[in-house]
Amino acid sequence: MEQTILEIRDLVKKYEDETILNGLNLQIRRGEVVVVLGPSGCGKSTLLRCMNALESIQGGQISLEGETVEKSSKNITMIRQKIGMVFQSYELFPHKTILENITLAPVHVQKRSLSDVEEEALALLKRVGLSGKENAYPRQLSGGQKQRAAIVRALCMHPEIMLFDEVTAALDPEMVREVLDVILELANEGMTMVIVTHEMQFARAVADRVLFIEGGQIVEESDPESFFTNPSTQRAKAFLQTFEFHKEQKKDS
């Protein structure tokens with residue numbers, strides 16, 4: 001049985017009087033790809049942000065390889081280095097080149113040598129189809145290229161687990177595939193990942209396990225084939241039917 005790398009117990013997250021996550025429990029195994037689905041506002045992105053302590057929590061515990069993931073932890077900087085996160089909005093520094101964006105944290109936070117990090121960064125950029133873009137600035141890249149650069153930036157920190165938060169939501173349709181292909185390749189190589197997405201075909205192809213969240217809790221959990229062909233809850237069925245409806249509308253337009 002695979003080793004549990006990240007564990008969440010009785011997680012509670014509130015914004016003032018509104019409870020976003022309510023007693024959520026989850027274990028992520030090493031090498032596993034978990035896709036998190038659910039309606040807008042159900043807490044999917046908040047869950048990812050809690051996983052690397054970008055959000056403080058009001059109850060429960062999150063641990064990575066036995067270490068508590070908490071904003072106030074003395075070693076939170078070290079823990080965050082093990083949890084890579086790629087956001088919907090890229091979060092690249094506009095005044096730095098792509099190579100500078102990628103090498104900044106490994107050099108200044110991990111104290112690795114600039115030459116070694118640059119060598120690794122260039123190899124990764126080549127791997128994701130961005131060879132020759134290392135001296136470009138973010139404004140000179142397409143959305144898909146910026147997102148791939150953001151993935152390389154996260155990978156250069158050598159994370160134990162990668163979190164992807166709707167990384168294709170801000171992209172034009174023709175750019176979505178190039179980003180998803182990179183994530184699929186990482187999955188095939190055994191990278192541990194938690195992915196929030198609205199790309200249903202991609203979710204079905206990449207996931208080892210699908211979680212459906214509603215009301216701040218996991219209300220359904222299964223392998224992708226079972227979830228997409230025969231979901232066990234009425235809410236999940238209605239959710240998937242909505243996507244089928246929109247797909248049919250696109251065909252007819």
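Analyst: Helices α5 (residues 143-155) and α6 (residues 173-188) pack with their axes 8 Å apart, at an angle of about 20 degrees. Axes here are lines fitted to C-alpha atoms over the stretch in contact, and angles run from 0 to 180 degrees between N-to-C directions; helices (H or I, at least four residues) and strands (E, at least two) are DSSP runs numbered from the N terminus. The model is a predicted one, in which local features need pLDDT of at least 70, side-chain atom pairs count only at pLDDT 80 or more, and totals for chains, interfaces and linings use all residues. Residues are numbered from 1 along each chain as its sequence is written, and side-chain values use heavy atoms, without hydrogens and water.

The angle makes α5 roughly parallel to α6, a term for angles under 35 degrees. The crossing is right-handed, the near helix being turned clockwise from the far one by less than a right angle. The contact residues divide into seven nonpolar, four polar and two charged. Ala, Val, Leu, Ile, Met, Phe, Trp, Tyr, Cys and Pro count as nonpolar, Asp, Glu, Lys and Arg as charged, and the others, Gly among them, as polar.

Helix α5 also meets α3 (residues 98-108), the axes coming within 8 Å and crossing at roughly 25 degrees. That makes α3 roughly parallel to α5, and this crossing is right-handed. Ile-98, Asn-101 and Ile-102 in α3 touch Ala-149, Val-152 and Arg-153 in α5.

Arg-153 is also among the residues nearest the centre of the second largest pocket, together with Arg-80, Met-85, Ala-105 and Met-157. Its 19 lining residues divide into 11 nonpolar, five polar and three charged. A pocket is an open set of points on a 1 Å grid over the protein atoms alone, where a 1.4 Å probe fits, with protein on both sides within 12 Å along at least five of seven lines; lining residues have an atom within 4 Å of a point.

Conventions: Angles under 35 degrees count as roughly parallel, over 145 as roughly antiparallel, 65 to 115 as roughly perpendicular and the rest as oblique. Contact means heavy atoms within 4.5 Å.
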